Amino acid sequence: MQNINPSQNITRRGRYYLFLGGLAFFSGAIAITLGVLFIFFPLWDSFIFDLFQIVLIVVGIVALVAGLGLVYRALTLQKDNPLAYAVGEGLSQSLDERFTYLRNVSKRRVGYIDAVLVGPPGALVFRIVDYAGAWINERAEWINQTRDGKLRPAKTNPTREVVRDVVALRKFLARHGLENVPVYAIVVFTSPNVRLSADGPVVPICEIPTLHQIIRRDYLTDDRITPQMAQQAVSAIVDG
């Protein structure tokens with residue numbers, strides 16, 4: 001099994017954010033400059049023009065801030081995912097060369113996905129978290145335990161997050177003519193200090209020691225696509 005970080009996706013997405021950020025920043029700067037100039041050198045004296053000056057400055061400030069935010073986003077994109085790398089290294093001990101594990105997937109039409117395993121059974125989307133403590137999964141909902149021992153709805157929901165990733169990846173593959181590639185999901189907890197329990201989870205959950213057991217029970221039960229289609233899916237995710 002290959003454990004790959006398609007870093008060119010990150011690079012392309014970073015350039016895209018830089019372009020949008022630069023465009024928004026300079027457009028905002030121009031709008032603010034024109035608005036200030038019109039205050040001192042008005043083209044005509046009217047309420048409508050005064051209102052236009054204010055709108056121009058406000059829009060310019062918004063565009064300036066948005067541009068800075070996009071530039072910051074471009075410069076802080078995650079270059080790799082250490083948790084996903086560790087999970088991939090564990091899987092590589094039990095999966096053969098028919099499988100490709102893509103970690104740190106970041107694409108404009110997909111969003112960010114921790115990792116995707118592609119092989120003859122289809123595509124398996126990973127949500128990988130390092131949460132510690134007691135976590136209880138009841139179908140699609142999560143409950144965790146506070147420090148004082150009380151149970152409360154969790155502030156984050158890895159099940160719903162990975163389902164969103166699955167939907168996005170299915171749409172992406174369909175746009176590349178790969179709608180027949182089945183897409184599955186799994187939530188992996190990596191912390192050794194987590195205590196998991198589940199009641200009818202809609203998405204399989206596991207810890208790293210039980211990962212292969214869980215995917216063998218669900219994902220690895222059958223070869224559903226040809227090796228050629230699996231490679232096409234990998235190419236689409238990496239290069240599409």
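The side chains of R127 and E161 meet in a salt bridge, with N and O 2.6 Å apart; the term salt bridge is used here for a side-chain nitrogen of Lys or Arg within 4 Å of a carboxyl oxygen of Asp or Glu. This pair links distant parts of the chain, since R127 sits in strand β4 and E161 in helix α4 (residues 158-175), 34 residues apart. Helices (H or I, at least four residues) and strands (E, at least two) are DSSP runs, numbered from the N terminus. R127 counts as buried because its relative accessibility is 17%, and E161 is likewise buried at 17%. In this passage, buried means under 20% relative accessible area, exposed means over 50%, and partly exposed lies in between (1.4 Å probe, protein chains only).

The structure is a predicted model, in which local features need pLDDT of at least 70 and side-chain atom pairs count only at pLDDT 80 or more, while totals for chains, interfaces and linings use all residues. Residues are numbered from 1 along each chain as its sequence is written, and side-chain values use heavy atoms, with hydrogens and water left out.

Altogether, the structure holds seven salt bridges. One of them is formed by R160 and E141, whose closest N and O atoms are 2.2 Å apart. R160 lies in helix α4 and E141 in strand β6, so this pair ties together parts that are 19 residues apart in sequence. R160 is partly exposed at 40% relative accessibility, and E141 is also partly exposed, at 39%. Salt bridges that share partners join D96, R98 and D223 into one network. D223 belongs to the loop between α5 (211-217) and α6 (227-239), and R98 to the loop between α3 (82-91) and β2, so the contact ties together parts that are 125 residues apart in sequence. D223 is partly exposed, with a relative accessible area of 47%, and R98 is partly exposed at 40%.

The strands come next. Strands β2 and β3 run antiparallel and are joined by seven bridges; two strands pair if DSSP finds at least two bridges between them. A hairpin of three residues connects β2 to β3, and V105 has I113 in β3 as its bridge partner. On to the next pairing: β3 and strand β4 (residues 122-129) also run antiparallel, with five bridges joining them. Here the hairpin passes through two residues, and V116 stands opposite V125 in β4. How many of the nine residues of β3 are buried? Eight of the nine are, so β3 is largely enclosed by the rest of the structure.

N104, with phi near 60°, lies in strand β2 and counts as buried because its relative accessibility is 0%. R139, with phi near 55°, is placed in the loop between β5 (133-138) and β6 (141-145), and R139 is exposed, with a relative accessible area of 54%.

The surface carries patches of two kinds. Patches are made of residues with over 30% relative accessible area and no salt bridge, where like charges are joined within 9 Å and nonpolar side chains (Val, Leu, Ile, Met, Phe, Trp, Tyr) within 5 Å. Lys and Arg count as positive and Asp and Glu as negative, while His and the chain ends are not counted; the place of a charge is taken as NZ of Lys, CZ of Arg, CG of Asp or CD of Glu. R108, R109, K171 and R175 gather in a patch of positive charge. Of these, R108 lies in the loop between β2 (100-107) and β3 (111-119) and counts as exposed because its relative accessibility is 55%.

A nonpolar patch is formed by I30, L34, V36, L37, I39, F40 and F41, with about 700 Å² of accessible area together. Accessible areas come from the Shrake-Rupley method with a 1.4 Å probe, and for residues only the protein chains shown count as cover. F40 is found in helix α1 and is exposed at 61% relative accessibility. L34 has its place in helix α1 (residues 7-40) and is partly exposed, with a relative accessible area of 34%. The C-alpha atoms of L34 and I57 are separated by 8.0 Å, with the two residues 23 apart along the chain.
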